[in-house]
Amino acid sequence: SSCSSGHRSGSGSCSCSTAAASAMRKSRGGRVSAASFISVADLSSSDEDTAGGSKHLAGHNASAASASSSSASVAGHALLERQSPQSGPDRGDDRGIRHEEEEKEDEQQQRQQHGRQDVEAEGVFEIRDFTTASSFERIAHQMSMAMRHWASLVTSSTEGGCDEGQLLREEFHHNSFTYELLFQSPAQVAMDGACSGSSRQLPMDHVGLHTFPSKAHRLQRWFGVRHFVVACVRGEAIDLDSARTVLGALVMAARSAPLCCSEPLSCFISVDGGGRRRHLGEVLHGGCRTVFTVDHTRRPERGLLHLDGLGAFFQAKLRASTDGGSGNVMVGVRFTYLADTFDPLPPPPVGSITAVAQAQQSATAAAVSAAAANDPHSVTDVRVTPDTDEGDPCLSLELHSIWPSFRYGSFSDAEGFSDFDPQSAPHWRLRLQRKDGAPLPLSRLLYNVLDFRREARSVKSAEHSMLQQSPKTALASLSAVIQESLESILLPSPAEMQELLTDCLRCPVSIMIPSTEADELKPLCGGVAGTRLARFVALASRMRCFKGAIALWCQVLVEMRKQWDKQTLPGNHVSVCTRRIPESGVRTECFDNSLCLVQQKFEIIQRSIEVRRLGKTVRSAAKGSSQLAMAGSSESLAMPALLQPQLLTEDMLVQRDIACANIRDPIERAELHGGRELRSDMAAFRAANPAAVLDDFLAWRRLAEHLSCPGPFPTEWLQNLWQDVAVQEAESQSRLLFEPEREAEMALHYLENIDGTQLLIQCFRVLLRLVLEELSASPNIANSAHLRILRDRAIAAALGAFSDRREGKEGYSAGGSSGRCGARSASEADAVAAFTGAQFPSEDLLRSVIAATEALELGVRLAGSLHCKLPGAHGAVLLEELLVAGEATITSDEQRRLVAELFARSRTLAQWQGREPWDGKGIFQADPAAKEFALQAQQATLLGSFGDAPPLTRRLYAEI
């Protein structure tokens, strides 16, 4: 290989002294030599590999170490150069090696000759089968198939102009082992000084902020490679010899796949199961073979823990001068400080869904603790163990003090003295570490309700499901005893059930619905926070089985029937709000269609109690005369007293509409639609205005009652009705439009006999609306565009699953899969389901709803946690960056003071808890959690002249 092909370098690491990495290149004269040096970086390599160009590929190794263990690791790298043909020692070594090889060949020929004579004497011969593939060939074939898949993916992304990196995970089985291959390709984006808009990779010719990426693969940080594949055996530890064999198969497979990528594919194999983060690697490119190896040690030399010692090691290992001149060494340093102890978050508002969920978790944890105290040998579920910071989704915050680039010798850093002052570092960055599996109590309640679906299918009637079933056989009796034993564990005790019932009845049936931004959730047709149904849903979602929810439901209905029988109203009751449909032409009222059918039934029971107890059967007439005059005279019309209009729930409206649609005779349809109301109103109007005519009545209904007249009623039918009706005041009329006894009994009958699936669907919608309303009410949403996006996604997913499904939209349907009764809204679907049955939306839609709600809840809780830690306007600037990217750049002195106070408070709390010693040092006077150093030197020549070859980059990366 000629010098114009460029310098090829590989890297590895060893324990504080030397590197086990080598790359060998054969020259035309057959002479081989190697010169090893450290080359470690925490960034991706710059690759400009063209004809007559060059390529610098730096590798590094890093192992984290605390102050107690003081572990460090460095990476080594070997470079192979073509030596001058006049090198005498090389010739002598070559002749000695050739002499030894000739002696070995002679001995081998003698053995083969003796063995051939023995075989001929015995008459035995050997047959080798070359038709069956060996284990090595099978592994190489499987890997080559994965390589081709990866090559096609890289080619398609390149042709499509994709600037983002690619990831691929493949696996195959061989001899009862599972092999996994992880591919990663470089991203073609410009960062930290690279040419904007170009396809250049990250620059390697200088040290800067990109030297310490926060999110990078381990191999990228150690060796500087970004296009690589890692092979491992799932659940198995590979020894070094086996790793070399598998690595050989991987390299062979890589050579068989044509890769359209500017950076070569480096191959790695995890050694010892990857537990010690050891890897063995190799890359072939342009006739050069580079080997990567890793070693770790936990007892490095003390001099390697500081920059001065690392500089001396760098100079000794690489023969790179750190005194200036041709060895221009630049250094980048990063100190990391950790804050993982914080003040407890404020509790949620009393009565909120979050408070209910957290109370259930605390009660469960207390019960488990009490059981463990009574029985020391019992098994405790660690998932419900109390934890002081269980509700905080923020695991820790990391503060990075960065000196991006300076000449070696500008700062002194030795044992006992250091010029690095973290407070005066030119760059500060704050990084957020989220807690894995952070508790999401609201989403957990939604999961609990969905888990009840299987039990709900077996409940055909809520009231009948609680009746005691008498077993008919001995086996049935045994099953009933076992079932009762299980239920005694899962169901609440009688005292707990009474407490839940009291809590539920304490809430009113209805409240005044405020007009807020939550109006966009009305198509979900759920419930309103603060009502009795909302409280029941919140308590039922805490149950461990659906039968517990049904038991509480039946207890609530028993108490509501008692209230109906005794005609009692709670002290905090609010009159039910209803609405008219003017286009219908009648005064018939209905409930808010943004409420589910169960809530409407609750409200019609309360309205029935009000009408029966207070005697509100007649609506009193307005005082004085109206501004309307009779036709043909100047006499004003009097406002008559009218009967209370009929009140219909959604299912009754659906019944009436279906019946009207099936009637073809317009007179019969008009009679069904409003015959009773028109007769009653005409009789009362004529009693108040004896000289009035039909036109006066229609004008009064149109102008005073704001109804559509004549509307859907035929004119001839109205004239006949006006002539036939008898004059009678509303107080004297015996048949009421709204019959409280009839309506209350119908509502109670529906609630007592509702099947489990119908009840569960409506409860889930109520809970989903309550959860989204509570999360949307967070004050941090108004100041965060990221949270508003998450909120819009969650609302869109919920409405897409449960709202209007016309125009072929997929959702849940009433009446099974037949779809004969289509619903225009969720409340109408409840009404149709009362006759034909109901079912939940598809599993994919439910999964999307839960996922979007979880993302919103996590974002809201994380924003609340960060707002408590970083208050004020300066903290709000950092909050948005932390939510979106997990990192934030600290740009002002006010932000630095705010972050410094947070980390000082965290250290004080950790000392109070005994996690850190009381050493009298501040956060920046104590040792940081980690120190990272990057040293980089460039020289035009190394062991000879390369002509037009570019300068050689030598680098070292160390993390303490």
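What share of the contacts in the protein with a separation of 6 or more comes from residues 24 or more positions apart? Such residues account for 76% of those contacts, a contact being heavy atoms within 4.5 Å. The model is predicted: local features need pLDDT of at least 70, side-chain atom pairs count only at pLDDT 80 or more, and totals for chains, interfaces and linings use all residues. Residues are numbered from 1 along each chain as its sequence is written, and side-chain values use heavy atoms, with hydrogens and water left out.

The protein has 25 helices and 27 strands. These are DSSP runs numbered from the N terminus, with helices (H or I) of at least four residues and strands (E) of at least two. Of the 960 residues, 48% are buried; buried means under 20% relative accessible area, exposed over 50%, and partly exposed in between, using a 1.4 Å probe and protein chains only.

Two packed helices are described by the angle between their axes and the distance between the axes. Helix α12 (residues 532–540) packs against helix α20 (residues 756–776) at about 95 degrees, with the axes 9 Å apart. Axes are lines fitted to C-alpha atoms, for helices over the stretch in contact, and angles run from 0 to 180 degrees between N-to-C directions. Helix α12 is therefore roughly perpendicular to α20, a label for angles of 65 to 115 degrees; under 35 is roughly parallel, over 145 roughly antiparallel, and the rest oblique. On the α12 side, L533, A534, F536 and V537 make the contact, and on the α20 side C763, V766, L767 and L770.

Salt bridges come next. The count is 35, where a salt bridge is a side-chain nitrogen of Lys or Arg within 4 Å of a carboxyl oxygen of Asp or Glu. One of them joins R334 and E932, whose closest N and O atoms are 2.8 Å apart. R334 lies in strand β13 (residues 328–339) and E932 in strand β26 (residues 930–939), 598 residues apart, so this pair links distant parts of the chain. Both R334 and E932 are buried.

Another salt bridge pairs R561 with E752, at 3.1 Å between the closest N and O atoms. R561 belongs to helix α13 (residues 546–566) and E752 to helix α19 (residues 740–752), 191 residues apart. Which of these two is buried, and which partly exposed? R561 is partly exposed because its relative accessible area is 23%, whereas E752 counts as buried because its value is 12%.
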